[in-house]
Amino acid sequence: INAEYGVVVFFSHCSSKKSMAEPKNTEFRAYLETTGVIDALTKVLVGLYEEPDKPQNAIGFIKEQFGTVIGSEYENLRKENEELRKENEELKRLVAELKKNNSANFEKTEVEL
């Protein structure tokens, strides 16, 4: 299977109905080509085709290839993100406090000298 074959298969549905919408289809195809969607889809489909042990869940395979996060993974990442943001704010506060204390100690030391 090659990239062109994947594109042909992908668009066979679009081109099977000849109608007044053909210019719109052509425009949409051009959009998909220029934005890299066709290349990305083709690579994933070729990867699935070349997979020696076909996965039971082809949709899951495709989502994995695109890096899609689903369900509980999303919730776990959202929670982790929230915790890391809180930790980051706390660390920023601590750094500011240390800078303030260090600055005060530095000025105090200069006066004593």
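The exercises below concern a predicted model of a protein chain.

**Exercise 1.** Determine how many helices and strands the protein chain has, and in what order the elements run.

*Solution.* Step one is to count the elements: the protein chain has five helices and zero strands. Step two is to read them from the N terminus on, which gives α-α-α-α-α.

**Exercise 2.** Identify where in the protein chain confidence is lowest and where it is highest.

*Solution.* Then turn to the helices. Confidence is lowest in helix α1 (residues 3-15), with a mean of 51. It is highest in helix α3 (residues 37-50), with a mean of 91.

**Exercise 3.** State what share of the residues is buried and describe the accessible surface.

*Solution.* A residue counts as buried under 20% relative accessible area. Of the 113 residues in the protein chain, 8% are buried. The accessible surface comes to about 9800 Å², and carbon and sulfur atoms hold 56% of that area.

**Exercise 4.** Describe what is found at the N-terminal end of helix α4 and just after this helix.

*Solution.* Start at the N-terminal end of helix α4 (residues 58-66), which is capped by Asn57. A side-chain oxygen of Asn57 lies 3.3 Å from the backbone nitrogen of Ile59.

**Exercise 5.** Find which residue lies over the face of Tyr49.

*Solution.* Locate the ring of Tyr49, then look over its face: Lys54 lies there, 5.9 Å from the ring centre. A charge sits over a ring only within 6 Å of the ring centre, and the distance of 5.9 Å for Lys54 meets that cut-off.

Terms used: Residues numbered from 1 in each chain as written. Predicted model: local features only at pLDDT ≥ 70, side-chain atom pairs only at ≥ 80, totals over all residues. Heavy atoms only, no water. Helix = DSSP H or I, 4+ residues; strand = E, 2+ residues; numbered from the N terminus. Buried < 20%, exposed > 50% of the residue type's maximum accessible area, 1.4 Å probe, protein only. Areas by Shrake-Rupley, 256 points an atom, 1.4 Å probe, with all protein chains shown as cover. pLDDT = per-residue confidence, 0-100. Polar contact = N/O pair within 3.5 Å; in protein donor to acceptor, adjacent residues only side chain to side chain. Lys NZ or Arg CZ within 6 Å of the ring centre and 35° of its normal.
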